[in-house]
Amino acid sequence: MKKILCLVLAFMLLFSCVGTAFAAENGKHLPQIYVNGIGSRAIYEVGDPDKTSLFYPVNTEALMDGFANITEYAEEAIKKNNPDILTDVIYSIMWDTMGKSALMPDGKTNMFDVTYDPCTVEHVGDQKYVFSYDSRLDPVDLADELYAFITEVKRITGSERYELVSSSHGASIAAAFMQKYRDEWDNIDSVLYCVPSLPGIDFVGELFSGTFNFDPDVLTGFVDDMLGNEDVNLILSVLNKTGALDKLLEYGLEPVAQVALLRAVNKIIHDIFGTFPSMWTYVQDEYFYKALEWIYGEDYASPDHSHAELIRKITYYHEEVMVKAPETMLEAQKSGIHMSIIAKYGFAAKPLSASGNVLSDNLMDLEDVTYGATCSMRDETLPADYTQKLYPEYNMISADRCVDASTSLLPFNTWIIKGFYHEENNSAYWQMVNDIVYNNLDINSDARYPQFMQKSATDAEALVPFTEAEEKKETTLIQDFIRLLTRFIEIVTEKLKEFFAQ
């Protein structure tokens, strides 16, 4: 069923913004503080010698096993006109998979007897220090931990000044630190946000506000990017172009199932995911207050609400850090801090959003990450008569004519890499990060690093300037159907040969 499939995928993909390994190099530089992505400290039960993760990564095998026979419960719920049958099953599966990591209604205290590895000052060489954290917690509270971490690095290194680099969810903590500890600005040489999830994530905002979407076009592109299986991609393409995929996804959808799904999602977010302040950092501004009302009721702003402390935390982060992040970045830049962003694109977004057919790194919308770059839709280009909006003396349009970076928040300090997934990196990527922060580069400072980069087609560890785009050849339904029929004949012929060979 379409919306049940959407739910399963949504909760599996909710944790896609992973942390990334940090590479070191030799040289003499200011200390570099690197704020990890989500899941950098394992959450596990007290006394568990294996430290089996309860929070991240999600046990997808257990999750899929639980949902394996979900259609039987859906059929029973529809037959008996009782949505609670399906609601209870979905909720139980998610609780068994993730429930032990849930926090109390204050969004800070453990509900169960769980622990995590202590945060030590991890030195990875050449004055580089990695900050890890409990990914469930409030970025504003974690900013205090980051401050203590930086204070210890200062003591160890004897340097008051430092570079601040963060990736994915780590940017939310770095941004909270920048907002909360403005007295530190004089000590910061450079701030780099790598693929920051700071602006929020489309499908998470929709999920938290009770909105479900499943776009066949985006699903086709998503499967194409993730599987790379030509046969599966071809079948999906034909089904999509004929409209059959949409009908298949819609088949069996009943009002009872929709009610059950909405109730289940509401309970799951209320009791599990919604207790993590970190998850609320992904809820975009357009969905935030609707999500508060949908999860916590119309009285969510009441000081007597059962989740009042959690709501206060997430609302403060939303209003004072997330919404004000662009303003804070510009203020920091004006104060003399070298502010930069690295973004990525080239893949389908998660197929769970009404706005899913965008330029994406498979998780984040490129327009969001860059704070305003003008982007085409996926598999399209900017109009033929489109001209660069700002700074015409510089070329800020990508070689594939999909992106105009001139309208981004930091147009001269925003680098965009094509062909990298959200969590993907290589040695050249880390060299680029180091060169940007250590040398305070802009897009015109170093010929090796123009605004648009791409992964090398011949060297997995290299990045090269993106100066020429491959011509994309579109196929028609007839062409796809002929290819599909030809492939079908090839498969049948191969099987017949194997049969007679025996």
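Predicted model: local features only at pLDDT ≥ 70, side-chain atom pairs only at ≥ 80, totals over all residues.

Trainee: Which strand is joined to strand 6, and by how many bridges?

Mentor: In general, strands of a sheet pair through backbone hydrogen bonds, in a parallel or an antiparallel manner. Here, strand 1 (residues 32-35) and strand 6 (residues 162-167) run parallel and are joined by 4 bridges.

Trainee: In what order do the strands of the open sheet stand?

Mentor: The open sheet has 9 strands in the order 4-5-1-6-7-8-11-12-13, with mixed pairing. Strand 4 (122-125) and strand 13 (463-465) each have a single partner strand, so one side of each lacks a neighbour in the sheet. On average, neighbouring strands of this sheet are turned by 25° against each other, direction ignored.

Trainee: How many aromatic pairs does the structure hold?

Mentor: There are 18 aromatic pairs. One of them is the stacked pair of Y91 and W95, with 6.2 Å from centre to centre and 15° between the planes. Both residues belong to helix 4 and are 4 residues apart, about one turn of the helix.

Trainee: Is Y91 buried or exposed?

Mentor: Residues under 20% relative accessible area count as buried. Y91 is therefore buried, at 15% relative accessibility, whereas W95, at 24%, is partly exposed.

Trainee: Why is the pair of Y391 and F412 called edge-to-face?

Mentor: Planes over 60 degrees apart count as edge-to-face. The planes of Y391 and F412 stand at 70°, with ring centres 4.9 Å apart, so this pair is edge-to-face.

Technical notes:
Residues numbered from 1 in each chain as written. Heavy atoms only, no water. Pairing = 2+ DSSP bridges. Helix = DSSP H or I, 4+ residues; strand = E, 2+ residues; numbered from the N terminus. Axes fitted to C-alpha atoms, helices over the stretch in contact; angles between N-to-C directions. Phe/Tyr/Trp six-rings, centres within 6.5 Å; stacked < 30°, edge-to-face > 60°. Buried < 20%, exposed > 50% of the residue type's maximum accessible area, 1.4 Å probe, protein only.
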